[in-house]
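Please work through each task before reading its solution.

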Amino acid sequence: MGPRLFAARRAAGCVLLIGLAAGCASGPQPRDPVVPSTPLLGRVVSAPSCPVERVGQRCPPTPVPGASVVATRGSERYEVRTSADGTFRLDLAPGHYTVTATNAGGYASTATERVVLRHAPVRLRLVVDSGIR
């Protein structure tokens with residue numbers, strides 16, 4: 001390495017070190033505030049699940065896979081789809097939300113609940129109409 005190349009690299013290294021030192025000397029850089037989130041956990045089920053319910057015969061609601069679940073707060077909108085067992089999870093900032101589930105498939109029905117999220121997880125069960133009569 002020739003003396004000129006060595007001097008150029010040394011000068012570049014000094015500029016880099018000076019730049020780093022200036023950045024470090026200015027103190028920590030501001031970071032985006034961390035917004036705490038609260039889990040909204042739920043399940044979307046469909047009922048009735050039997051065409052005719054008889055006394056003594058169980059006919060529990062059935063899970064709705066792929067249902068759309070939307071949580072709104074003012075102009076904010078958060079959406080998720082339910083898993084195969086009808087469950088969902090949304091991590092949201094504390095506040096008041098309207099949560100709406102829309103049945104997946106042929107019969108489009110909805111279920112809506114209002115929830116208040118604070119700091120503890122909130123569990124929600126939304127029952128949409130299956131359309132069976």
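Rings of Phe, Tyr and Trp (its six-membered ring) pair if their centres lie within 6.5 Å, and planes over 60 degrees apart count as edge-to-face. The model used in these exercises is predicted.

**Exercise 1. Aromatic pairing**

Task: Determine how many aromatic pairs the rule gives, and classify the geometry of Y78 and Y97.

Solution: By this rule the count comes to 1 aromatic pair. The rings of Y78 and Y97 form that pair, with 6.4 Å from centre to centre and 65 degrees between the planes. Because planes over 60 degrees apart count as edge-to-face, the arrangement of Y78 and Y97 is edge-to-face. The pair links distant parts of the chain, since Y78 belongs to strand 4 (residues 76-81) and Y97 to strand 6 (residues 95-102), 19 residues apart. As for accessibility, Y78 is partly exposed at 30%, whereas Y97 is buried at 2%.

**Exercise 2. The disulfide**

Task: Identify the cysteines joined by the disulfide, and decide whether the disulfide is right-handed or left-handed.

Solution: The structure holds 1 disulfide, which joins C50 to C59 with an S to S distance of 2.0 Å. The torsion about the S-S bond is about 120 degrees, and the disulfide of C50 and C59 is therefore right-handed. Residues under 20% relative accessible area count as buried, so C50 is buried at 18%, and C59 is likewise buried at 14%.

**Exercise 3. The surroundings of S130**

Task: Decide whether S130 is buried or exposed, and state which residues S130 touches, leaving aside those up to four places away in sequence.

Solution: S130 is found in the segment after strand 8 (122-129). With a relative accessible area of 18%, S130 is buried, because the cut-off for this class is under 20%. Not counting residues up to four places away in sequence, S130 touches S46, A47, P48, N103 and Y107. With P48 there is also a polar approach, as a polar atom of the S130 side chain lies 2.4 Å from the backbone oxygen of P48.

Key. Residues are numbered from 1 along each chain as its sequence is written. This is a predicted model: local features need pLDDT of at least 70, side-chain atom pairs count only at pLDDT 80 or more; totals for chains, interfaces and linings use all residues. Side-chain values use heavy atoms; hydrogens and water are left out. Helices (H or I, at least four residues) and strands (E, at least two) are DSSP runs, numbered from the N terminus. Buried means under 20% relative accessible area, exposed over 50%, partly exposed in between (1.4 Å probe, protein chains only). A polar contact is a pair of N or O atoms within 3.5 Å; within protein, one must be able to donate a hydrogen and the other to accept it, and residues adjacent in sequence count only if both atoms are side-chain atoms. Contact means heavy atoms within 4.5 Å. Rings of Phe, Tyr and Trp (its six-membered ring) pair if their centres lie within 6.5 Å; planes under 30 degrees apart count as stacked, over 60 as edge-to-face and the rest as tilted. A disulfide is a pair of cysteine sulfur atoms within 2.5 Å.
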